[in-house]
Amino acid sequence: MADPLSFYLDDKAQPGTGSNFDVDYVIHYKLPTTSVKEKEEAEAAFIQLVNALSAVGFATEVRPGGKSSLLVFTKIASEKLLTSQVYRYRIQDWLFGVRTSAPNQDLSKYLEEEPVSEAERLRLTYLLITKSNNEGGAGITAQVGKWKYVDSIFPLHDHAFNRRWIKAWSAKYFLEEEDLNRIRDKFGERVAFYFAFLQSYFAFLLFPAAFGFAAWLILGKFSWFYAVVNSLWSVVFFEHWKTKEVDLAVRWGVRGVSRIQHPRPQFQFEREAQDPVTGEIVRVYSPFKRLSRQLLQIPFALACVVVLGSLIVSCFSIEVFITEIYTGPFKQYLTFLPTVLLTIFMPTLSGLLTNLAERLTKEENYETHDAHQAAFIEKIFVINFITSYLPIFLTAFVYVPFGKLLIPYLDVFKVTAQSFVTMEKPITKSWEINPDRLTKQVIYFTVTAQIVNFLTEVIVPYAKRKAFKKVQQVQSELSGNGHELKIKDHPDEADFLKRVRNEAELDEYDVTVDYREMVVQFGYLSLFSVIWPLAACSFLVNNWVEARSDAMKIAIGSKRPVPWRADSIGPWLNSLGFLSWMGSITSAALVYLFNKHDINPDGTPWDISGWALLLSILFAEHIYFAVQLVVRSLVQKLDNPGLQKERAERYAMRKKLLEQTFGHHGHDADLTEEAQGPGHVSSGERITREALEEEARVNATKTAEQLFWLRQRGAAETIEIGRGLISEVSTNLTLNSPQRNTGSSS
């Protein structure tokens with residue numbers, strides 16, 4: 001499969017996409033090319049990797065990955081093991097209140113009534129790979145500790161489904177419930193919740209789009225009536241979505257699943273102690289240490305304001321000077337200077353602050369993935385709030401009302417510009433406020449920026465991958481392949497493996513990026529659409545394209561995501577509530593400042609009554625809702641004897657039932673036998689010519705998918721083949737000799 005996009009544009013089926021060869025997960029194992037010592041370390045870690053997978057019940061196959069890497073294919077060797085995992089986790093769901101009833105112990109009948117979806121199978125398989133050893137898993141965490149050579153662990157795309165998905169959505173205006181159910185069954189509830197939110201938001205945009213168009217024709221800008229209706233709409237949408245996500249969680253069977261937390265392997269505990277409520281042994285980290293590190297969010301937020309704010313204010317000042325005051329030479333070129341500066345420095349500074357946010361979140365040392373992700377999203381929201389909204393805030397609340405006072409300070413740019421010009425006549429003119437500046441900014445962020453985001457999110461990454469792959473191909477030809485393996489695949493597998501190698505090089509899909517884009521857009525609508533009522537019309541068109549482009553991004557531009565469960569959109573719900581509340585305040589202030597009855601002839605709202613402005617803000621009444629939100633949040637975090645008793649009883653019940661269910665059934669003995677995988681040859685089995693001929697006759701009737709898992713019979717042979725591939729890289733590194741052909745054992 002040379003190009004994934006061609007699969008969706010060409011009516012002919014592409015080679016290698018018809019089957020996933022029963023593979024559950026692929027482990028992309030990067031091999032070092034810098035020293036023989038690192039190669040030996042990687043080889044030892046590879047042996048540990050295969051043994052760890054085999055010990056918990058996985059069959060494995062290894063193939064060359066290209067570019068000094070291996071592909072380790074895994075699948076659960078026994079359906080009995082998968083069944084036990086399904087039953088165990090469904091029992092856990094019942095104990096945590098996610099399910100209303102316990103699973104039936106007649107497993108065959110139970111699984112017929114409620115079959116295992118593809119998303120559930122992949123999720124449980126991933127947990128079996130990544131869970132710690134003391135929890136029954138292989139304990140493999142990509143790029144952490146001894147697994148630093150494990151670059152990624154990912155499932156393979158179902159390209160036949162992806163193709164039907166993209167074609168179906170491209171012909172629809174609205175997504176149906178069945179569309180969301182299919183996404184849930186393939187990619188899990190976390191991704192499905194994003195598309196459900198996007199669809200619900202899209203449907204709700206119909207009203208502000210129609211009303212905004214009418215307001216643009218009849219009411220004009222800064223209408224108090226539009227501001228009131230828009231604020232009410234944002235509240236209604238927010239409250240509707242809170243109800244909608246509960247409804248989806250109940251229908252998808254994940255209500256309360258957020259209570260089941262997955263531990264972070266990176267969590268560093270100080271000691272182990274007994275929980276005074278449940279009596280279980282827990283890992284303890286000082287809450288005071290975490291609190292002291294959480295308080296660093298305050299200076300972090302201030303640093304974001306200072307760093308990003310300084311850049312935005314500087315570029316803003318330069319832009320005002322050049323576009324509205326400067327009349328000297330090269331003005332038509334200098335007008336692009338602020339944009340160039342922002343393009344160069346903004347991504348760099350945002351990236352540095354994002355890395356700092358990630359480092360601070362790690363220092364806060366959360367026990368679970370969900371807590372870590374929530375804390376990180378809070379910091380990301382601060383960065384995006386500043387970069388997205390600060391320029392408009394500057395124009396609305398600094399440039400227009402106080403421009404007469406601040407413009408004289410721009411003389412520093414006049415002196416600087418004059419020093420570079422030889423002419424004696426002045427190169428500046430007297431400043432007059434540009435009343436259309438605010439509207440033009442809002443139009444830019446709600447129209448032009450949306451188009452730019454689409455290009456940078458979908459088109460540019462695809463073009464970069466194509467160009468990068470072409471450069472790699474040319475470099476490989478010029479350098480004689482460097483340290484890369486020269487691959488000769490089995491003909492039955494060649495197309496499939498070529499496709500897998502392409503998927504291994506794709507980026508990880510992060511639904512957080514898509515949520516962030518939609519939440520920022522909701523902020524523009526809530527905060528600033530009173531300036532330009534057509535904003536909702538722009539967003540309506542953009543979001544129809546967004547749903548399809550995000551689907552294409554998952555299908556073509558990213559690895560298939562691990563199908564995690566979720567019962568809501570997570571921390572982004574709080575962000576929506578905050579923006580909805582702040583939108584009412586901002587709209588009230590904008591209407592007061594810029595309503596046509598209060599603007600001076602020169603276009604400036606100069607005569608501002610502070611008490612009247614404050615009164616207009618207080619009339620929004622959302623201060624009450626903000627206080628209510630804070631109080632509710634604090635009350636929910638409080639623990640009391642009743643909750644402690646409930647927690648103790650639930651823990652005792654879970655412990656007792658799990659011991660009764662899994663305590664004495666000889667499961668581990670069965671697992672050891674079944675973990676050897678298909679085609680396993682025991683050490684006591686004698687290999688004869690007759691046995692090999694019989695095996696060849698049997699294999700002649702098998703499919704390519706079945707033969708894929710018979711080329712390496714057991715973990716020992718997988719290790720042997722893998723060590724041979726690693727040795728080849730080492731030989732090329734040491735002797736710098738031409739590569740020899742290496743493939744799968746036939």
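User: How many cavities of 30 Å³ or more does the structure hold?

Analyst: A cavity is a set of points on a 1 Å grid over the protein atoms alone where a 1.4 Å probe fits but cannot get out. Points are joined across faces, edges and corners, and a volume is the space filled by probe spheres set on the points. In this predicted model, three cavities of 30 Å³ or more turn up. Some ground rules: residues are numbered from 1 along each chain as its sequence is written, and side-chain values use heavy atoms, with hydrogens and water left out. Local features need pLDDT of at least 70 and side-chain atom pairs count only at pLDDT 80 or more, while totals for chains, interfaces and linings use all residues.

User: Which residues line the second largest cavity?

Analyst: Lining residues have an atom within 4 Å of a point. For the second largest cavity, with about 40 Å³ of space, they are Tyr173, Leu198, Gln199, Phe202, Asn543, Trp544, Ala547 and Arg548. Two elements, α8 (189–204) and α20 (535–557), each give two or more residues to that lining. The largest share, four residues, is from α20. Helices here are DSSP runs of H or I with at least four residues, strands are runs of E with at least two, and both are numbered from the N terminus.

User: Is Asp514 buried or exposed?

Analyst: Buried means under 20% relative accessible area, exposed over 50%, and partly exposed in between, with a 1.4 Å probe and protein chains only. Asp514, in helix α19 (residues 511–528), is buried at 0%. Contact means heavy atoms within 4.5 Å. Setting aside neighbours within four places in sequence, Asp514 is in contact with Tyr194, Glu457, Tyr509, Glu546, Asp550 and Lys553. For the protein as a whole, 46% of the 746 residues count as buried.

User: Which residues does Arg259 touch?

Analyst: Arg259 sits in the loop between α10 (224–251) and β5 (271–274) and is partly exposed at 49%. Apart from neighbours within four places in sequence, Arg259 contacts Phe96, Gly97 and Val98. A polar atom of the Arg259 side chain lies 2.7 Å from the backbone oxygen of Phe96. Arg259 and Gly97 are 162 residues apart along the chain, yet their C-alpha atoms are separated by 9.1 Å. Across the protein, residues 24 or more positions apart account for 80% of the contacts with a separation of 6 or more.

User: Where is Asn365, and what is its phi?

Analyst: Asn365 is in the loop between α14 (337–364) and α15 (369–406). Its phi is positive, about 60°, although Asn365 is not a glycine. Asn365 is buried at 5% relative accessibility. Asp22 also has a positive phi, near 60°, but is partly exposed at 48%.

User: What does the chain look like over residues 381–402?

Analyst: UniProt, in an unreviewed entry, lists "transmembrane region" at several ranges, including 381–402 and 572–594. Such positions use the numbering here, feature names are shortened, and annotations may be inferred rather than shown by experiment. In the model, residues 381–402 are 100% helix and 0% strand, with end C-alpha atoms 29 Å apart. Residues 572–594 are also 100% helix and 0% strand, with their end C-alpha atoms 31 Å apart.

Definitions and conventions: On a 1 Å grid over the protein atoms alone, a cavity is a set of points where a 1.4 Å probe fits but cannot get out, and a pocket is an open set with protein on both sides within 12 Å along at least five of seven lines; lining residues have an atom within 4 Å of a point. A polar contact is a pair of N or O atoms within 3.5 Å; within protein, one must be able to donate a hydrogen and the other to accept it, and residues adjacent in sequence count only if both atoms are side-chain atoms.
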